[in-house]
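Please find my notes on the model below.

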Number of protein chains: 2
Amino acid sequence: MDKNALFYKLVSFTTSVHRVTHELTKDAKSDSITPVQYSILEYIAVSQPVTPSEISDCQYMSMPNTSRELRKLSEKNLIEKIIDTEDRRKQYIRLSFNGEKMMKEAFDSIESRFQNRIQDTSKEDLEEIERAIDLLQEKLFY
Amino acid sequence: MDKNALFYKLVSFTTSVHRVTHELTKDAKSDSITPVQYSILEYIAVSQPVTPSEISDCQYMSMPNTSRELRKLSEKNLIEKIIDTEDRRKQYIRLSFNGEKMMKEAFDSIESRFQNRIQDTSKEDLEEIERAIDLLQEKLFY
DNA sequence: CCTTTTACTTATCATTTGATAAGTAAATAA
DNA sequence: TTATTTACTTATCAAATGATAAGTAAAAGG
């Protein structure tokens, strides 16, 4: 096993993943939010409820900047902040009704592009793809 | 085959790929260039020679902004512009000596983190990983 | 009780990025 | 030959992003 060759394969692979992700997600986000705000909403959507600290960690964003973007999202009525009753310094962030709606539309648009992309893929290939994703998820991208 | 479930698996997978990519690449880039400039250099490194138009297309960047960043990279002596002798409107962009050096250091740093990450992975698992990457590259992320 | 730490906020600033208008020079088409 | 298109540049501007200093309020520790 040539670990060096595997590294080059990985570089090429991650580049492809980024490119395809971009193709699937471009134009999916509403014009009323910035890319960084969309990225935060995406994270909240799949992990809610989350605290500002968790968002800061996972989005590699400083707390002051996270706080600013959350304030903007809150002003746009896309998220709700709920103060923890046990530790009143903490907050739990959730998508609001409008936020859920916006993210549902975005995900639907991405999914429809994805379904379009795999429409001609055979059942056998789809099963192979699924197994390959599971394997890489478990053994490489954990 | 539940195509909807496959989509959710893909969302989770691409998120993991992005996260791991970030972990492997963070701090790899020199402080003397911006993230966008690094991304351009990475593209040039694996695809050189490339034209400004190709960079513009692949990096989803307008020609004016591409031109500006290439000028900055040129001023930093990281790239070289060679005018096409057949069509004098065109240019071919290559990494300069300093550019090659900078990107080699970046890739070495990323590779060493990667090797560190897979050091405890068995030979059999590495072979499975390689097959899975090949399969996804061919059938999903083409 | 007092000090320190934690979680988050506010304010400010420089830099980066993205968008657009206008321009040059070379190649191609009419 | 002239008009049009292509490849790239220059200039300018607003917005987004990142970094830092300083602050509040609650919790935890001594």
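1. Four helices each supply at least two residues of the surface near DNA strand C: helix H3 (52-58) and helix H4 (63-75) of chain A, and helix H2 (35-47) and helix H4 (63-75) of chain B. Helices (H or I, at least four residues) and strands (E, at least two) are DSSP runs, numbered from the N terminus. H4(A) has the largest share of this surface, six residues.

2. The model is predicted: local features need pLDDT of at least 70 and side-chain atom pairs count only at pLDDT 80 or more, while totals for chains, interfaces and linings use all residues. Residues are numbered from 1 along each chain as its sequence is written, and chains are lettered from A and ligands numbered from 1 in the order in which they are written.

3. DNA strand C is surrounded by 23 residues, and the closest are Ser53(A), Pro64(A), Ser67(A), Thr34(B) and Pro64(B). A residue is near a molecule or strand if its C-beta atom, placed from the backbone, lies within 6 Å of it. By class, eight residues of this surface are nonpolar, eight polar and seven charged. Here Ala, Val, Leu, Ile, Met, Phe, Trp, Tyr, Cys and Pro count as nonpolar, Asp, Glu, Lys and Arg as charged, and the others, Gly among them, as polar.

4. Around DNA strand D there are 23 residues, the closest being Thr34(A), Pro64(A), Ser53(B), Pro64(B) and Ser67(B). Two or more residues of this surface come from each of helix H2 (35-47) and H4 of chain A and helix H3 (52-58) and H4 of chain B. H4(B) gives the most, with six residues. The classes are eight nonpolar, eight polar and seven charged residues.

5. How is chain B superposed on chain A? A rotation of 180° with 0.0 Å of shift along its axis does this, with an RMSD of 0.1 Å. The two copies are therefore related as by a two-fold rotation axis. In chain B, the C-alpha of Ala132(B) is nearest the axis, 2.4 Å from it. The superposition is by least squares on the C-alpha atoms of residues with pLDDT of at least 70 in both copies.

6. The contact between the chains takes 34 residues from chain B and 34 residues from chain A. On chain B, helix H1 (3-25), helix H5 (97-117) and helix H6 (123-139) each supply at least two residues of the side that touches chain A. H6(B) gives the most, with 13 residues. That side of chain B has 18 nonpolar, seven polar and nine charged residues. Two residues are in contact if their C-beta atoms, placed from the backbone, lie within 7 Å.

7. A UniProt record (unreviewed entry) places the feature "domain: HTH marR-type" at residues 3-138 of chain A; such annotations may be inferred rather than shown by experiment. The span is 68% helix and 7% strand, and its end C-alpha atoms lie 19 Å apart.

8. Is Gln91(A) buried, exposed or partly exposed? Gln91(A) counts as partly exposed because it has 17 C-beta neighbours inside 10 Å (20 or more would be buried, 12 or fewer exposed). Gln91(A) lies in strand E2 (residues 91-95) of chain A. Leaving aside neighbours within four places in sequence, its contacts include Thr51(A), Pro52(A) and Lys81(A).
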